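Hi there,

The sequence and the structure come first, and my notes follow.

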Amino acid sequence: MTHQIYSEVTASISELKKNPMAAVDSGEGFPIAVLNRNKPAFYCVPADIYEAMLDRLDDQELVEIVKERLSEPSIRVDLNEL
């Protein structure tokens, strides 16, 4: 059975256990797929990429909120009056 791997770089669980930072560094800043018996078990994602992913997810959620609110009746407020 074949498995889709969403990374150009892979490491085995054994490689990860031997030297975790070397496995992470092998991705050269990109995520690596960690394989268990030649099947992807999980992805190891550098912290800056993970944080960027979370920011994008937050942005997508905000876009959905804005889209929902666009259909609501608008309330005009003059900010100078506040």
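Does Glu28 count as buried or exposed? Glu28 counts as exposed, because its relative accessibility is 69% and the cut-off for that class is over 50%. Please bear in mind that this is a predicted model. You will find Glu28 in the loop between helix H2 (20–25) and S2. Its backbone has a positive phi of about 50°, although Glu28 is not a glycine.

On one side, strand S2 (residues 32–36) pairs with S1 in the parallel sense, over 4 bridges. Val9 has Ile32 in S2 as its bridge partner, and Thr10 has Ala33 in S2. S2 also runs antiparallel to S3, and 5 bridges join the two. In that pairing, Asn36 stands opposite Lys39 in S3. S2 is mostly covered, with 4 of its 5 residues buried.

**The turn between S2 and S3**

S2 and S3 form a hairpin with 2 residues between them. Arg37, in the turn, has a positive phi of about 55°. Asn38 is in the loop between S2 and S3, and Asn38 has a positive phi of about 65° without being a glycine. Asn38 counts as exposed because its relative accessible area is 65%, where the cut-off is over 50%.

Ser7 lies in the segment before S1. Its relative accessibility is 15%, so Ser7 counts as buried, the cut-off being under 20%. What does Ser7 touch, leaving aside residues up to four places away in sequence? The answer is Pro31, Ile32, Ala33 and Tyr43. Two of these names came up above: Ile32 is the bridge partner of Val9, and Ala33 is the bridge partner of Thr10. A polar atom of the Ser7 side chain also lies 3.0 Å from the backbone oxygen of Val9.

Happy browsing, and do write back with any questions.

Best wishes

Methods
Residues are numbered from 1 along each chain as its sequence is written. This is a predicted model: local features need pLDDT of at least 70, side-chain atom pairs count only at pLDDT 80 or more; totals for chains, interfaces and linings use all residues. Side-chain values use heavy atoms; hydrogens and water are left out. Two strands pair if DSSP finds at least two bridges between them. Buried means under 20% relative accessible area, exposed over 50%, partly exposed in between (1.4 Å probe, protein chains only). A polar contact is a pair of N or O atoms within 3.5 Å; within protein, one must be able to donate a hydrogen and the other to accept it, and residues adjacent in sequence count only if both atoms are side-chain atoms. Contact means heavy atoms within 4.5 Å.
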